[in-house]
Amino acid sequence: MIHSGQRQLLCSCLLATACSLAGNPAYAEATSPGLPFWQALEYEQKALWVTAHSRVELMADADDCQLWLLTARSSVASNSEEVDLELAARDGRALQRARLSQGKGRRFKNYEFLPEYILRHRRDPPANTKLPPDEWPLTSSKEVAYPPLPDDTVVTDAYALLELAGRFLASEAASRQVAVNTEFNFYLVTMSRSDTPAIKVNYQVEGQAKAVSGQRDTRGVTLQISPLGEQTDKPDFSLLGLHGDISLLFDRDNGLPLQLKGTAPRLGRTEINLVGVTLRDPGQ
């Protein structure tokens with residue numbers, strides 16, 4: 001996978017200086033990988049006269065290169081979801097999450113991933129309000145306890161798996177596990193490599209007139225999903241609308257996540273394809 005080396009080198013050097021001045025021997029553990037060479041990914045699925053569309057963007061915080069900001073916008077029919085994530089760049093650990101859901105109703109939830117539990121707040125809009133979601137009245141607050149976790153397993157969000165799976169594929173590890181929190185449930189996600197075929201692609205690169213199309217060789221990552229701890233809510237794991245075990249197919253040459261395969265409600269086994277990508281400015 002291609003990385004934006006210049007910005008990462010600058011961030012690493014600054015952090016090295018700060019850690020050295022602080023007398024912190026854990027500098028090697030604090031450094032983070034570079035951002036992927038893509039900045040934003042767009043996926044689309046058309047079925048039963050309905051189009052589902054998702055856009056995921058990943059950036060570094062302007063003031064702290066050890067903090068990544070992921071935004072995801074998804075829509076299908078009259079339903080939409082907006083998710084904003086703060087992630088630790090080093091391992092993809094979730095730090096903060098805000099989710100705005102809109103369909104028959106509107107709900108705004110924010111989550112703070114604290115050391116001992118996740119603090120979840122829900123806000124619902126008053127009638128005919130023009131207030132922003134984070135100013136809606138607080139309707140519930142709950143401390144969500146973490147389940148017992150395997151050693152060195154971070155808790156993250158499903159959207160982060162798009163980057164973490166690519167990071168795993170670029171490593172030499174035979175497998176990797178992370179935990180995903182949804183609403184009140186937790187899931188153990190085990191990543192492993194898989195043999196995948198060449199596939200047809202057709203996606204647009206932002207700023208380029210001609211679409212990228214034709215056959216591309218792929219490398220695959222399988223995500224095996226299993227419940228973790230006591231499930232206090234109905235099964236609700238989903239990645240871009242897919243559940244069950246999911247396969248991600250990456251371009252063998254450039255590492256772009258081209259396709260996801262999994263199970264979708266009312267459709268059964270299906271696939272979601274990359275339709276657009278924004279490449280990262282080399283200076284970022």
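Start by selecting tyrosine 146: with a relative accessibility of 22%, tyrosine 146 counts as partly exposed. (Buried is under 20% relative accessible area, exposed is over 50%, and partly exposed is in between, using a 1.4 Å probe and protein chains only.) You're looking at a predicted model, where local features need pLDDT of at least 70 and side-chain atom pairs count only at pLDDT 80 or more, while totals for chains, interfaces and linings use all residues. Residues are numbered from 1 along each chain as its sequence is written, and side-chain values use heavy atoms, with hydrogens and water left out.

**Aromatic pairs**

Rings of Phe, Tyr and Trp (its six-membered ring) pair if their centres lie within 6.5 Å; planes under 30 degrees apart are stacked, over 60 edge-to-face, and the rest tilted. That rule gives two aromatic pairs. (Strands are DSSP runs of E, at least two residues, numbered from the N terminus.) Phenylalanine 186 counts as buried, at 3% relative accessibility.

Next, pick tyrosine 187 and phenylalanine 237, an edge-to-face pair at 5.7 Å centre to centre and 65 degrees between the planes.

**Charges over rings**

Now show arginine 97 and tyrosine 111: the charged end of the arginine sits over the tyrosine ring, 4.0 Å from its centre. To count, NZ of Lys or CZ of Arg must be within 6 Å of the ring centre and within 35 degrees of the ring normal. Then try arginine 193, which lies over the face of phenylalanine 168, 4.5 Å from the ring centre.

**The largest pocket**

(A pocket is an open set of points on a 1 Å grid over the protein atoms alone where a 1.4 Å probe fits, with protein on both sides within 12 Å along at least five of seven lines; lining residues have an atom within 4 Å of a point.) The space inside is about 1400 Å³. Colour β1 (38-47) while you're here: it gives the most to the lining, with five residues.

**Strands side by side**

Move to strand β12 (residues 199-205). Ile199, Val201, Tyr203 and Val205 make up its covered face, while Lys200, Asn202 and Gln204 are on the uncovered one. In a regular strand the side chains alternate between the two faces of the sheet. Antiparallel to β12, strand β13 (residues 212-216) pairs over five bridges (pairing takes at least two DSSP bridges). Click tyrosine 203 and its bridge partner, valine 212 in β13. Between these strands the hairpin has six residues, and glycine 207 there takes a positive phi near 90 degrees. β12 also runs parallel to strand β17 (residues 268-279), joined by two bridges; glutamine 204 stands opposite glycine 276 in β17.

Finish back at β11, which pairs antiparallel with β14 over eight bridges. Leucine 188 has serine 226 in β14 as its bridge partner.

Note on methods. Points joined across faces, edges and corners; volume = space filled by probe spheres on them. Helix = DSSP H or I, 4+ residues; strand = E, 2+ residues; numbered from the N terminus.
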